Amino acid sequence: MPEVPRTALLRPQPSQFTAHGSIWKQLGPYLGSILILLLLWQALAWAIQRPVLPPPLEAFQALGQQFFQGMDYHLAVSAWRVIASLGWATLLGVPLGLYLGRNQKWDRWAGPLVYLTYPLPKIVFLPIILVLLGLGDLSKIFLIGLIIFFQILVTTRDAARGVPKELIYSLKSLGAGEGQIYAHVIFPSCLPKILTALRVALGTAIAVLFFSETIATTSGIGYYVMDAWARVAYDDLFAGVMGMGGLGFALYLLLDWAEKKLCPWEQP
């Protein structure tokens with residue numbers, strides 16, 4: 001049996017290169033983007049030279065100090081409010097959007113109602129919602145869900161309208177019922193656009209969350225940021241901003257992961 005060269009034993013296997021390359025391909029753009037943002041932040045802090053904009057290092061130090069001294073609780077409360085809002089808006093908006101996109105008769109009646117109410121800024125109803133539902137989580141979850149519900153509904157309905165009729169006719173020719181058509185044609189065809197609508201709705205939900213948590217509440221990351229501003233603790237303020245950004249980023253990555261798992265046919 002021929003002797004294997006010692007250099008061959010020390011040489012990394014191709015699979016190792018592939019694994020490291022794959023990890024860098026996934027993490028590289030995120031790390032590069034974070035580095036660019038930190039450099040811009042630091043440059044702006046040097047240019048302004050005022051306490052209102054602390055450099056990144058001070059903000060990260062405040063984040064490390066404050067995270068387990070109350071910020072973790074505020075982040076957990078905010079995360080629950082966002083997830084619950086996305087949940088109920090999706091559970092109502094997706095089935096209704098699929099049904100309206102598939103049934104033109106009902107869509108002809110529901111369409112004008114959606115067009116009239118969708119552009120209306122629902123945030124103006126916050127005082128009324130607070131009176132009716134109280135100052136707790138329920139009012140905030142309802143308000144956030146009400147706003148993103150229309151985004152999910154309209155996107156899902158338009159996606160259902162665009163499903164090729166040939167696919168539906170093919171399944172009908174095999175004897176499929178209406179429920180099977182929804183399960184095997186309509187919903188899978190619309191799923192990528194539904195997840196895209198959820199990513200867009202997530203940004204809206206975070207923005208509305210911050211506004212709703214600054215009024216008549218004592219919990220949530222929005223309250224934490226405004227409290228730090230009132231105390232003129234700008235390093236804590238930016239720590240809260242980073243916490244809110246991290247919350248949105250984590251939820252966005254979760255939706256991105258869900259799309260890769262649920263829609264493998266959409267992946268390059």
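Trainee: What makes the lining of the largest pocket nonpolar, polar or charged, residue by residue?

Mentor: The lining has ten nonpolar residues, four polar and no charged. Ala, Val, Leu, Ile, Met, Phe, Trp, Tyr, Cys and Pro count as nonpolar, Asp, Glu, Lys and Arg as charged, and the others, Gly among them, as polar. This is a predicted model: local features need pLDDT of at least 70, side-chain atom pairs need 80 or more, and totals for linings, chains and interfaces use all residues. Residues are numbered from 1 along each chain, and side-chain values use heavy atoms, without hydrogens and water.

Trainee: Which residues are closest to the centre of the largest pocket?

Mentor: Of the 14 lining residues, they are Ile-34, Leu-37, Met-242, Gly-245 and Gly-246. Helices H2 (14-48), H3 (56-66) and H11 (234-262) each give two or more residues to the lining.

Trainee: Why is Ala-233 called buried?

Mentor: Buried means under 20% relative accessible area, exposed over 50%, partly exposed in between (1.4 Å probe, protein chains only). Ala-233 has 11%, so Ala-233 is buried. Ala-233 sits in the loop between helix H10 (221-230) and H11. Its C-alpha atom is 8.7 Å from that of Val-52, 181 residues apart along the chain.

Trainee: Which residues does Val-82 contact, leaving aside neighbours within four places in sequence?

Mentor: Contact means heavy atoms within 4.5 Å. Val-82 is in contact with Leu-202, Ala-205, Ile-206, Leu-209 and Leu-251.

How values were computed
On a 1 Å grid over the protein atoms alone, a cavity is a set of points where a 1.4 Å probe fits but cannot get out, and a pocket is an open set with protein on both sides within 12 Å along at least five of seven lines; lining residues have an atom within 4 Å of a point. Helices (H or I, at least four residues) and strands (E, at least two) are DSSP runs, numbered from the N terminus.
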